[in-house]
Amino acid sequence: MSSKAVSSTVFRKLTLVTLVALTALIATGTWVRLSESGLGCTTWPACTTKDVIAPGTYHSLIEFTNRMTIVVIGILVVAVFVLSLLRPLRRKDLVLLSGGLLIGYVGEAVLGGITVLLKLAPPLVAAHLVLALILVADGTALHWRAGIDDSVVLQKKLPTLPRPMMLLSSIMMAAFWVIVVLGTIVTGTGPHSGKPGTPRFHLSLGGIMEVHAAVGLVLYGVAVSLFASLHAIHAAKDTARRAHVVVILLTLQGVFGYAVWFTKFSVIPSEVHTLGSALLLIALVRFRLGLYRHALSDEVPSEINDMSAERALASSVADTCS
Ligand code: HEM
């Protein structure tokens, strides 16, 4: 194996480890919130005004473990960025995505600190999760692009589906972010935003929950329509498989969302629901990126007949709605 192949492989593996760690951080961060350990360390970066590390109580240990996970991720993010610069071919896409991870990471550390100092104000708790999910999206794209051969990636990028289906996939992505923001408002209004005494949004919990769930159902409808139309046009197996994963994760997300509600905010379904958002995001980003292929600039996308695909899409949307 040439040194070039080795460094590309090592880089790709490191991006995978980073993505797994970023997803794990969503799980540990959520547990901090659900176990009401957000103020387990009362100051930042030391745990308390007296102790640099956790003094040994349950809440301080959970919060401190989360902070240590953040330190590990910091090392990974710096390593990924440095390796993106040291690859034999310095690719702009990989440098930008790795740099995005680094900037987002610093932003997340600062935001986390301010959130603790401002006693878990709900908008900051919400922004903290949204930024963590943006990092997961960035990490997913980075891992995906690190797997594309250097000789291919510099060529022209072409969509492999007709425009209406590409549009539906963009709508899915946009709806996801709307749902996430609404979900963080549900959390900031409900019992799990932090300790019982910490601030909350003064909104109707049932009302905001219904809006959140309704947009979730819209996303579900769009995903199922897209999935059905992919089958109708006999889309590439990989594309159909990725769409399948999106629909399965969306279904589970809905199930756990309702489980949170019907169990009056039990912590386990809540933990799974938040982690599920990260997994769903990874699936959505991979689905979206898989809709493009790299081709020579004078090549025209040929595998899809636009007219037949539009008809298939229209009929599957009609089937889904009826
Ligand atoms: C379909 C896609 C969905 C996505 C991507 C999604 C995502 C989210 C996110 C990101 C949060 C915030 C979690 C946090 O702050 O840690 C949340 C909270 C919540 N979601 Fe969803 N959700 C979806 C569907 C649903 C559905 C259908 C329901 C049904 C009722 C639901 C019920 C809830 C509840 C009750 C909370 C508050 C959880 C808590 O405070 O611990 N969600 N959701």
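In which helix is Thr115 found? Thr115 is found in helix α3 (residues 92-117), where helices (H or I, at least four residues) and strands (E, at least two) are DSSP runs numbered from the N terminus. The model is predicted, so that local features need pLDDT of at least 70 and side-chain atom pairs count only at pLDDT 80 or more, whereas totals for chains, interfaces and linings use all residues. Residues are numbered from 1 along each chain as its sequence is written, and side-chain values use heavy atoms, with hydrogens and water left out.

The chain holds 10 helices and 2 strands. Read from the N terminus, the order of elements is α-α-α-α-α-β-α-α-α-α-β-α. Of its 322 residues, 49% count as buried; buried means under 20% relative accessible area, exposed over 50%, and partly exposed in between (1.4 Å probe, protein chains only). Among contacts (heavy atoms within 4.5 Å) with a separation of 6 or more, 76% join residues 24 or more positions apart.

The ligand contains an iron atom, for which the protein donors are His212 (NE2) and His273 (NE2), lying 2.0 Å from it. Donors are N, O and S atoms within 2.8 Å of the metal (3.2 Å for Na, K and Ca); water is not among the atoms, so sites may look incomplete. His212 lies in helix α7 and His273 in helix α9 (residues 267-289), so the pair ties together parts that are 61 residues apart in sequence. Both His212 and His273 are buried. Around the iron atom, the 6 donor atoms subtend angles of 88 to 179 degrees, and the arrangement is therefore octahedral. Six donors count as octahedral if opposite donors are over 155 degrees apart and all others between 65 and 115. Ideal angles for six octahedral donors are 90 or 180 degrees.

The ligand is surrounded by 25 residues, of which the closest are Arg33, Thr187, His212, Ser270 and His273; a residue belongs to this shell if one of its heavy atoms lies within 4 Å of the ligand. The shell divides into 11 nonpolar, 13 polar and 1 charged residues. In this division Ala, Val, Leu, Ile, Met, Phe, Trp, Tyr, Cys and Pro count as nonpolar, Asp, Glu, Lys and Arg as charged, and the others, Gly among them, as polar. A side-chain N or O atom of Arg33 is 2.6 Å from an oxygen atom of the ligand. For Ser270, a polar side-chain atom is 2.3 Å from a ligand oxygen atom, and for Thr274 the corresponding distance is 3.1 Å. Two or more residues of the shell are given by each of the elements α6, α7, α8 (237-262) and α9.

Ser193 is found in the loop between α6 (163-189) and α7 (205-232). With a relative accessible area of 3%, Ser193 is buried. Neighbours within four places in sequence left aside, Ser193 is in contact with Arg33, Leu120, Pro122, Val125, Thr187, Gly188, Pro199 and Arg200.

Thr115 is likewise buried, at a relative accessible area of 5%. Not counting residues up to four places away in sequence, Thr115 touches Leu120, Ala121, Leu124 and Val125. The C-alpha atoms of Thr115 and Leu39 are separated by 9.7 Å, the two residues being 76 apart along the chain.

Ala137, in helix α4 (residues 122-146), is buried with a relative accessible area of 17%. Its C-alpha atom is 6.4 Å from that of Ile282, which is 145 residues away along the chain. Beyond four places in sequence, Ala137 is in contact with Trp177, Leu281 and Val285. Asn66 belongs to helix α2 and is buried at a relative accessible area of 10%. With neighbours within four places again left aside, the contacts of Asn66 are Leu25, Thr28, Gly29 and Val32.

Backbone angles were also examined. Most residues other than glycine have a negative phi. Glu36 has a positive phi, near 55 degrees, and lies in the loop between α1 (3-34) and α2 (58-86). Its relative accessible area of 27% makes Glu36 partly exposed. Phe265 has a positive phi near 65 degrees and is found in the loop between α8 and α9. Phe265 is buried, with a relative accessible area of 15%.

Technical notes. Four donors count as tetrahedral if all angles lie between 85 and 135 degrees; four count as square planar and six as octahedral if opposite donors are over 155 degrees apart and all others between 65 and 115; anything else is irregular. A polar contact is a pair of N or O atoms within 3.5 Å; within protein, one must be able to donate a hydrogen and the other to accept it, and residues adjacent in sequence count only if both atoms are side-chain atoms.
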